[in-house]
Amino acid sequence: MIVLITGGAGSGKSKIAENIICRLGGRPLYYLATMQAQDAECRRRILQHRKQREGKGFKTIEVPVCLKENAEMLTENASVLLECMSNLLANEQFGNAVQDPAETILNGVSVLLRRMHHVTIVTNEIFSDGIPQDKQIQHYLQYLGRINCTIAACADIVMESYAGIPIFWKGEKWYHEIMD
């Protein structure tokens, strides 16, 4: 099962994603964390997410870059929650400075989809604010759009979280079978 969850900051997408991957089952249960603790706000959010998934059986692996290499080392047929695609992209584009960060990430996603039993991916909805003036940010948005569209095309469920409420773009029936 492949699930893509998008939404704005603080929209409840993380909690929904955790509930889905836990209900899907499968062991080991990996949480691929992409956020780097660069400032107090990042550290606060990391701690919040750690508390939120306490006791749920996740094995957390820090994956700020190099998704493909990390995915190849995971136990096959496991369940994976990757959070968050937009952080991973920012890390690859601005920190790791790869030539085509979208392609680099999609290669890693491909490994996850091929080797894992269940994959749930969290991403951000950041396209509602218009077109920024900064060229690097424009490229970032284009890369994230390409990544999200590619994953959505092969996902069983594509949903958006709005104030903690799931809105379905694809696969609502699957969601209800998992969660009911």
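The model I am reading is a predicted one. Just past the end of α4 I noted Ala 97, whose phi is positive at about 50 degrees.

Next I turned to α5, which runs over residues 101-115 and has 15 residues. From its first C-alpha to its last, α5 reaches 21 Å, close to the 21 Å expected at 1.5 Å a residue. I listed its buried residues as Pro 101, Ala 102, Ile 105, Leu 106, Gly 108, Val 109, Val 111, Leu 112 and Arg 115. These buried residues pack against the strands β2 (29-33), β4 (79-83) and β5 (118-122), and against the helices α3 (67-72), α4 (85-96) and α6 (135-154).

I then followed α6 through one of its residues, Asn 148. Is Asn 148 buried or exposed? Its relative accessibility is 11%, and because buried means under 20%, Asn 148 counts as buried. Setting aside neighbours within four places in sequence, I found Asn 148 in contact with Leu 4, Met 85, Thr 123, Asn 124 and Phe 127.

One joins Arg 27 and Pro 28, with omega at about -5 degrees, and Pro 28 lies in the loop between α1 (13-24) and β2. Another cis bond runs from Glu 83 to Cys 84, with omega near 10 degrees, and Cys 84 is placed in the loop between β4 and α4.

I also looked up positive phi values in residues other than glycine. Cys 66, in the loop between β3 (58-62) and α3, has phi near 60 degrees, and at 28% relative accessibility Cys 66 counts as partly exposed. Ala 163, in the loop between β6 (157-162) and β7 (165-170), has phi near 55 degrees, and at 62% relative accessibility Ala 163 counts as exposed.

Last, I stepped back to the whole chain. I counted seven helices and seven strands, which follow one another along the sequence as β-α-β-α-β-α-β-α-α-β-α-β-β-α. How does the radius of gyration stand against that of a compact globule? With 180 residues such a globule would have a radius near 16 Å, and the 15 Å of the protein agrees with this. The C-alpha trace spans about 45 × 35 × 35 Å along its principal axes, and 47% of the 180 residues count as buried.

Among contacts with a separation of 6 or more, I noted that 74% come from residues 24 or more positions apart. The protein exposes about 9,200 Å², of which carbon and sulfur atoms supply 52%. For the charges, I found 19 positive and 20 negative ones, with their mean positions 5 Å apart.

Conventions. Residues are numbered from 1 along each chain as its sequence is written. This is a predicted model: local features need pLDDT of at least 70, side-chain atom pairs count only at pLDDT 80 or more; totals for chains, interfaces and linings use all residues. Side-chain values use heavy atoms; hydrogens and water are left out. Helices (H or I, at least four residues) and strands (E, at least two) are DSSP runs, numbered from the N terminus. The expected span of a helix is 1.5 Å times one less than its number of residues. Buried means under 20% relative accessible area, exposed over 50%, partly exposed in between (1.4 Å probe, protein chains only). Contact means heavy atoms within 4.5 Å. The radius of gyration is taken over C-alpha atoms; the globule rule is 2.2 Å times the number of residues to the power 0.38. Accessible areas come from the Shrake-Rupley method with a 1.4 Å probe; for residues, only the protein chains shown count as cover. Lys and Arg count as positive and Asp and Glu as negative; His and the chain ends are not counted. The place of a charge is taken as NZ of Lys, CZ of Arg, CG of Asp or CD of Glu.
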